[in-house]
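Have a look at the sequence and the model first.

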Amino acid sequence: RCRATDYYDDSPPCLLVCSSKECKRKGALKTYEMLSQSDQASCGMIKVTGVRCFSECADGPNVKVNPEGVVLNGIKTAEDVEAVIQRALDFQD
């Protein structure tokens with residue numbers, strides 16, 4: 001499990017999915033499932049975990065990309081998920 005403060009140079013990127021009631025209503029559980037079932041998560045290239053809230057739920061579901069620290073809003077589709085994963089991996093390089 002990764003937390004908002006966890007990151008070491010050799011750690012894989014950590015994707016934090018908001019699990020607040022509002023983000024869940026907007027599809028955060030599906031977003032979490034798509035991220036955590038991705039090939040990149042399965043082979044350890046990224047970590048995925050749920051977190052409490054980023055206070056941006058009006059634009060949810062939201063995913064924070066660490067170590068970059070950016071919160072991406074409205075992550076709902078498979079294409080959105082792929083873009084988040086790619087951004088995380090590109091930032092690590």
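How many helices and strands are there in the protein? There are four helices and four strands, taken as DSSP runs (H or I of at least four residues for helices, E of at least two for strands) and numbered from the N terminus. Along the sequence they follow the pattern β-α-α-α-β-β-β-α.

A word on the basis: this is a predicted model, where local features need pLDDT of at least 70 and side-chain atom pairs count only at pLDDT 80 or more, while totals for chains, interfaces and linings use all residues. Residues are numbered from 1 along each chain as its sequence is written, and side-chain values use heavy atoms, leaving out hydrogens and water.

Of the 93 residues, 40% are buried (buried is under 20% relative accessible area, exposed over 50%, partly exposed in between; 1.4 Å probe, protein chains only).

| Element | Residues |
|---|---|
| β4 | 70-72 |
| α4 | 78-92 |

Glycine 74 sits in the loop between β4 and α4 and is partly exposed, with a relative accessible area of 25%. Beyond its neighbours within four places in sequence, glycine 74 is in contact (heavy atoms within 4.5 Å) with Asp59, Gly60, Pro61, Asn62 and Asp80.

In α4, the buried residues are Val81, Val84, Ile85, Ala88 and Leu89. They lie on the same side of α4, because they cover an arc of only 125° around the axis, taken from the directions from the helix axis to the C-beta atoms. Their cover includes β1, α2, α3, β3 and β4.
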